[in-house]
Amino acid sequence: MKKTVIFSWYGYFNDFCCRVENIKEAGFDGLMLWWEDDAGDWPHSRWEMVELTRKLGLEIFNTHIANIHEDFLWSDDDSIREKHLFLIRDTIEEISEVGLDNLVIHLCESGDVPPPGDSLFRSIEYLIPFAQKHKVTLSLENTWRSDYLEAVWRRYPNEGLGFCFDTSHANLRHQFDLLKDHYDILTALHISDNDGLQDRHWPPFDGIIDYEKLVTPYLGKTDVPYTMELIADRKRYPDEQAFLKLAKERIDRLLALENM
């Protein structure tokens, strides 16, 4: 049976400890962790969050790089590019120290970027040996530009570069062919739904994505855990525990589609 996972922050403001307890009670096997300290009313360092998760018997299946809106891996300005490169480098080292081995990163944060070129490739060439040294898989997420992903995978095959497939991004940017063509290098998932207009982070089947046709036929060929990246609409789902129960039911419904 495939493992079921949910993003550690799913739309309700409370202590990380409470969220993890609720995730476990809902029946999930673990979580995806944004690699950044929890601030505000219930502060926890990212290292504390790892420890708290494990104490409850849950797994952390992957981590996500923070400060994604400062992502300029493609920039020709080395000082700008290196700022995010060094963040990724430091994150690789930090997660490795606590026994985590899968980091989701973005290659670009908008469609208004140049074609994939030498600066992007220099960034990847800097990261690959560092990730390999620390035994961390870099899961490249489909954000705005499919050509960025395909150019990197084509240039650096068999270098430990994986694929994080985001269903919501795929629906907004016509990227379902990425899953069809590259499911064999899939290493992480972000599963959510939307209306085709914005990245809503809705539970599957609340939006318009045809999972049975476009998603589960390919996920059925992998053993990658099903990870929900949801942010609850609290007007529609005011009760946190009921929302998590619904999220688990939806993920189980997706899993059932694999066998149809």
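Tutor: What follows is a set of questions and answers on the overall fold, the core and a few residues. This is a predicted model, in which local features need pLDDT of at least 70, side-chain atom pairs count only at pLDDT 80 or more, and totals for chains, interfaces and linings use all residues. Residues are numbered from 1 along each chain as its sequence is written, and side-chain values use heavy atoms, with hydrogens and water left out.

Student: How do you know what radius of gyration to expect of a compact globule with 260 residues?

Tutor: The rule is 2.2 Å times the number of residues to the power 0.38, and the radius is taken over C-alpha atoms. For 260 residues this gives a value near 18 Å; the protein has 18 Å, so it agrees with the compact globule. The C-alpha trace spans about 50 × 40 × 30 Å along the principal axes.

Student: What share of the residues is called buried, and what makes a residue buried?

Tutor: Buried means under 20% relative accessible area, exposed means over 50%, and partly exposed lies in between (1.4 Å probe, protein chains only). Of the 260 residues, 53% count as buried.

Student: And which residues touch the most other members of the largest nonpolar core?

Tutor: A nonpolar core is a set of buried Ala, Val, Leu, Ile, Met, Phe, Trp, Tyr and Cys residues joined through side-chain atoms within 4.5 Å. The largest one has 73 residues, and Ile6, Leu103, Leu107, Leu140, Val152 and Leu161 touch the most other members. Helix H10 (residues 240–257) gives this core its largest share, 8 residues.

Student: What does Leu103 contact, apart from its neighbours within four places in sequence?

Tutor: Contact means heavy atoms within 4.5 Å. With those neighbours left aside, the partners of Leu103 include Ile65, Ile88, Ile92, Ile95, Val136 and Leu138.

Student: Why is Gly30 called buried?

Tutor: Its relative accessible area is 0%, which is under the cut-off, so Gly30 is buried. Gly30 sits in strand E2 (residues 30–34), and among the residues it touches beyond four places in sequence are Thr4, Val5, Ile6 and Phe61. The C-alpha atoms of Gly30 and Pro225 are 9.6 Å apart, although 195 residues separate them along the chain.

Student: Is Thr4 buried or exposed, and what makes it so?

Tutor: Thr4 has a relative accessible area of 3%, and therefore it is buried. Thr4 belongs to strand E1 (residues 4–7).

Student: Why do Tyr218 and Asp181 get the labels they do?

Tutor: Tyr218 is at 17% relative accessibility, so it counts as buried, while Asp181 is at 44% and therefore partly exposed. Tyr218 lies in helix H9 (residues 216–219) and Asp181 in helix H7.

Student: What makes the phi of Lys135 and His174 worth a look?

Tutor: Most residues other than glycine have a negative phi. Lys135 has a positive phi near 55°, and His174 has a positive phi of about 55° although it is not a glycine. Lys135 is in the loop between helix H4 (118–133) and strand E5 (137–141), and His174 is in the loop between helix H6 (167–173) and helix H7 (176–182).

Student: Why are Lys135 and His174 called exposed?

Tutor: Lys135 has 69% relative accessibility, which is over the limit, so it counts as exposed. His174 has 73%, and therefore it counts as exposed too.

How values were computed
Helices (H or I, at least four residues) and strands (E, at least two) are DSSP runs, numbered from the N terminus.
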